[in-house]
Amino acid sequence: MTVQDHGPRRPVARGAAGFVTGSPRRLTPVSRWVADELLGGRPRSGAGRTATTISEARAADTGDPGVAAHRALRREVFGREQGLFPDTGTGDLDDHDADPRTVVLLAHDAAGTLLGGVRLGPADPAAPDVGWWTGSRLVVAPSARRIAGARLGAALVRAACARAESAGVLRFDADVQLPNAAMFARLGWERVGDTVTAGAPHVRMRWPITRVRALATATKAPLGALLGGLGPAGFVGDDGAPVPGTDVVACCDAIVPAMVERDPEWAGWAGVLVNVNDLAAMGAAPVGLLDAVGARDASFAHRVLTGVRAAADAYGVPLLGGHTQLDVPAALSLTALGRTAHPVPAGGGRTGHTVRLTTDLGGGWRPGYHGRQWDSTTSRTRAELAATVGAIGPAARHRPAAAKDVSMAGIAGTLGMLAEASGTGAVLDVAAVPRPGGASVGDWFTCFPGFGLLTADDPGAPAIDAGPAVSAACGELVAGTGVRLRWPDGEETEAVPGGVTGMGPAAGEEIA
C-alpha cells in the first residue's frame with residue numbers, strides 16, 4: 001500500500017483549447033499564494049518592485065470582480081489589440097466560461113489592480129471530467145508588460161500547471177501561437193501537432209505529467225535488480241506463489257513501518273486486506289493467515305493485532321498463528337495461504353486480450369490518507385467481502401487468462417506489471433475505467449483502491465461477478481511494452497514507458 005524562461009513581450013491569444021504564452025515547471029499546488037517564488041524571488045524593499053499575488057476564481061462567476069476584470073482585459077487584448085475575436089463583451093467567450101468546473105487564476109499587484117489572468121478546466125465542458133484539461137485565455141495587461149512582461153505570463157502558466165496537477169489531471173494541453181512553439185519546447189512542453197485557432201496558426205502542445213510513471217518507478221522499479229526471475233516457472237512477477245506438488249498458494253506482504261506506527265489498527269486491517277487480495281488475484285480461496293508483529297510495547301502490539309483480528313474475522317479467514325516481538329520498531333507482515341487447483345498467473349495475457357478492471361467503488365478515502373488509500377472494505381459485510389475475494393476463485397464461473405490485484409503502483413502501474421509479465425504492452429481507456437465520484441482521475445489511478453482486480457482475457461469473455469464490486473472492460477494488451485492512456489478524442493499519452501519491475505516476462509510454459 002502504501003520549475004525560468006522569458007515569454008513574448010506581448011500577449012498571444014488562443015482559441016477554445018489552449019494557452020497563449022510560456023510554460024512552467026511544477027509548484028506546490030495551492031489556490032492562492034504570494035508569487036515571490038513564481039516571479040523569481042522576493043522583491044527587496046526599495047527595489048522598485050511590487051508584490052504580486054495569484055488568486056483563483058470560478059470562470060462562470062460573473063459577479064466576481066476579478067472574473068469581470070479578466071473578461072474586460074481579454075476583450076481589450078484579444079478583440080481590440082489583436083483582432084482575433086470580435087470587439088464585443090462576448091467576443092471571446094465560449095462554453096468553458098460557463099462551465100462551473102473552469103477556474104481562472106488572476107494576478108494582482110499590491111493595490112489590487114489586475115495584471116493578468118489565465119483560464120483552465122476540463123477539455124470538454126459538456127462531458128464528465130476524465131482528467132484531461134486545457135489552458136486558455138492567458139492575458140497580460142499592457143501596463144504590466146512594461147513592468148514584468150513575460151515573467152508575469154510565465155508565472156501564470158506555472159500556476160496553471162500546478163493547479164491542473166493538484167486537480168488530479170493526467171493530460172494538460174494548450175494551443176500555442178506558432179512564434180511561441182520554440183519557447184514552449186524549451187520549457188519542457190511536448191509538441192503534439194499543428195492546428196488553427198481563431199484563424200491564426202497554432203501548435204498544440206502538452207505539458208508532461210509524470211505522476212503515474214513516478215509512482216511505478218518509486219514502488220516497483222528496483223525489483224528486477226533485487227529479485228531477478230524469482231518465482232515458479234510461469235509465475236514470475238506474481239504476488240503469490242503456488243507451492244510445488246500441492247494446490248496451495250502462498251502470499252506474503254508487509255505494511256510500511258511508518259503506517260504501522262501512525263495508524264496501528266488500520267495497518268493491521270490493511271495487512272490482512274492486501275494478502276487476501278493477493279490470493280484473490282491468484283484465483284485462490286483463502287484458508288488461513290500468519291502474522292509477524294514488531295512493537296515498542298505490549299500496548300502497541302495489542303492495537304496492531306486488534307486490526308488484524310478484526311479484518312480476519314470480517315473476511316472469515318482464520319488467524320493460524322505467527323510471531324510477536326516487543327521492544328523493537330513498529331513492523332507488520334502477514335502470510336496468507338489459499339487453495340486452488342488452477343492458479344491464475346499475472347503473465348497469462350496475450351496481445352489482443354481485453355483488459356478489465358473489477359473494483360469496489362463503495363466507501364471513501366481513508367481519513368488521513370486522502371488521495372492515497374480508498375477504504376471500500378471496512379463497511380462491507382462478510383458475504384460482500386467473500387464475493388469480491390471469490391471473483392475469479394475456484395467457484396467462479398469463469399477464469400481469466402491473467403490477473404493481478406491493484407496495489408502500490410496504482411491502476412496503470414499494476415497494469416504495466418501484468419503486461420510486463422505477459423510480454424506485452426497495454427492501453428488503458430481512461431473514460432472507461434470505473435471510478436467513484438469522490439476521486440479525481442489522477443488520485444484514482446495512483447491510489448490503493450481497497451479492492452481492485454485487473455484481468456486480461458479473450459475479447460467477449462464473460463464479465464466478472466464480484467458482488468458489490470463493478471467490472472468493466474477498459475483497455476487491451478498490445479504489442480510492445482509499457483502502458484499508454486487512451487483519451488476520448490483518440491489521443492494516447494504515455495503513462496509507463498516500459499517494463500515496470502525489470503523482471504521481464506514470466507518464465508516457463510503457458511499456464512493451461
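**Labels and their grounds**

Student: Why is Arg-204 called partly exposed?
Tutor: The model is predicted. In it, Arg-204 has a relative accessible area of 31%. Buried means under 20% and exposed means over 50%. The value for Arg-204 falls in between, so Arg-204 is partly exposed.

Student: Where does Arg-204 sit in the chain's secondary structure?
Tutor: Arg-204 lies in strand β8, residues 200-207. The chain has 13 helices and 22 strands.

Student: How far is Arg-204 from Ala-181, in sequence and in space?
Tutor: They are 23 residues apart in sequence. C-alpha to C-alpha, the separation in space is 8.7 Å.

Student: Which residues line the second largest cavity?
Tutor: Asp-238, Asp-239, Ala-281, Met-282, Ala-346, Ala-403, Lys-404 and Asp-405 do. Strand β17, residues 402-405, gives the largest share, 3 residues.

Student: How do you know how many lining residues of the second largest cavity are nonpolar, polar or charged?
Tutor: Ala and Met count as nonpolar, Asp and Lys as charged. The lining therefore divides into 4 nonpolar, no polar and 4 charged residues.

Student: What share of the chain's residues is buried?
Tutor: Buried residues make up 54% of the 512 in the chain. The cut-off is again under 20% relative accessible area.

Student: What is the accessible surface of the chain?
Tutor: About 20100 Å², with 54% belonging to carbon and sulfur atoms.

Definitions and conventions: Residues are numbered from 1 along each chain as its sequence is written. This is a predicted model: local features need pLDDT of at least 70, side-chain atom pairs count only at pLDDT 80 or more; totals for chains, interfaces and linings use all residues. Side-chain values use heavy atoms; hydrogens and water are left out. Helices (H or I, at least four residues) and strands (E, at least two) are DSSP runs, numbered from the N terminus. Buried means under 20% relative accessible area, exposed over 50%, partly exposed in between (1.4 Å probe, protein chains only). On a 1 Å grid over the protein atoms alone, a cavity is a set of points where a 1.4 Å probe fits but cannot get out, and a pocket is an open set with protein on both sides within 12 Å along at least five of seven lines; lining residues have an atom within 4 Å of a point. Accessible areas come from the Shrake-Rupley method with a 1.4 Å probe; for residues, only the protein chains shown count as cover.
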